[in-house]
Amino acid sequence: MNPTSMSIQASLPHDIALKIASSLQEWRVFYIRKHNEMAGKAAGVIEFVDRCLAFESIEVGHYLKAVRELDSMQFGFEDVQTFFLKSKHNVLLNLIGLHYCIIWLGLPGECVMEVLSNYNISQRQVRVQWWKLGRWFYGFRLRDELHTRTVYLEDVAIGKEEEVLGVLHRGAVHEVIRVQISAAKPAYTSWSFQSAQDPN
């Protein structure tokens, strides 16, 4: 019996103390069961993202599917902190959790930024590349335009990278024909245009 239960029993009638202790035990069992349930769901999303990685990058369609999965599973802020905003995870998983907190949960950037700092992931970087349809010029369509941005997670959190977050949230629509996300690397390596493999 823990000190809290002993303190309750010492200050309350025996029958009431037993009821309270029983309720506390039931709550503890419920909390553990709920935690394990969310852990299993999070593991499914993490496995999906790992399967979708092609040449160390992920296509935006798969990225957004992972974000939507968090919503369908009713992940709360504490769940995202526990399972996605940790340094042991790939920065892409950090970004998915961050994106979900800002856009889907509507949390203020300062709140999320505090968590990023506490878990030492605020200075992690991701590279986002997107291709836009080339403009028409005197009856000819110019080459598709490639845009590349390397951003810190903290800048995404506090709103300094609204354009990048907007591209990620909209995905490949309208003039944007493709979006890829990867962990930033010190040295640039060329991106493959090979189609990403179907994870299913």
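**Sheet, helix packing and core of a predicted model**

Ser-57 has Ser-182 as its bridge partner in β6. This is a predicted model, in which local features need pLDDT of at least 70 and side-chain atom pairs count only at pLDDT 80 or more, while totals for chains, interfaces and linings use all residues. Residues are numbered from 1 along each chain as its sequence is written, and side-chain values use heavy atoms, with hydrogens and water left out. Helices (H or I, at least four residues) and strands (E, at least two) are DSSP runs numbered from the N terminus.

**Sheet**

- The 4 strands form an open sheet in the order β1-β6-β2-β5, with antiparallel pairing; two strands pair if DSSP finds at least two bridges between them.
- Because β1 (57-59) and β5 (145-152) stand at the edges with a single partner strand each, one side of each is left without a neighbour in the sheet.
- From one strand to the next, the twist averages 20°; axes are lines fitted to C-alpha atoms, for helices over the stretch in contact, and angles run from 0 to 180 degrees between N-to-C directions.
- β1 and β6 (residues 176-183) run antiparallel and are joined by 3 bridges; Glu-59 has Gln-180 as its bridge partner in β6.
- Between β2 and β6, also antiparallel, there are 7 bridges, and Val-126 stands opposite Ala-183 in β6.
- Of the 8 residues in β6, 6 are buried, where buried means under 20% relative accessible area, exposed over 50%, and partly exposed in between (1.4 Å probe, protein chains only).

- Helix α8 (residues 162-170) lies across β2, β5 and β6 and runs at about 65° to β2.

**Nonpolar core**

- A nonpolar core is a set of buried Ala, Val, Leu, Ile, Met, Phe, Trp, Tyr and Cys residues joined through side-chain atoms within 4.5 Å.
- The largest such core has 49 residues, of which Tyr-63, Phe-75, Phe-84, Leu-98, Leu-116 and Ile-181 touch the most other members.
- Helix α5 supplies the largest share of this core, 9 residues.
- Beyond its neighbours within four places in sequence, Phe-84 has contacts that include Ala-42, Val-45, Leu-70, Phe-75, His-89 and Leu-93.

**Cysteines**

- The structure holds 0 disulfides, a disulfide being a pair of cysteine sulfur atoms within 2.5 Å.
- The closest cysteine sulfur to that of Cys-101 is in Cys-111, 8.1 Å away and too far for a bond.
- Cys-101 is buried, with a relative accessible area of 0%, whereas Cys-111 is partly exposed at 28%.

Note on methods. Contact = heavy atoms within 4.5 Å.
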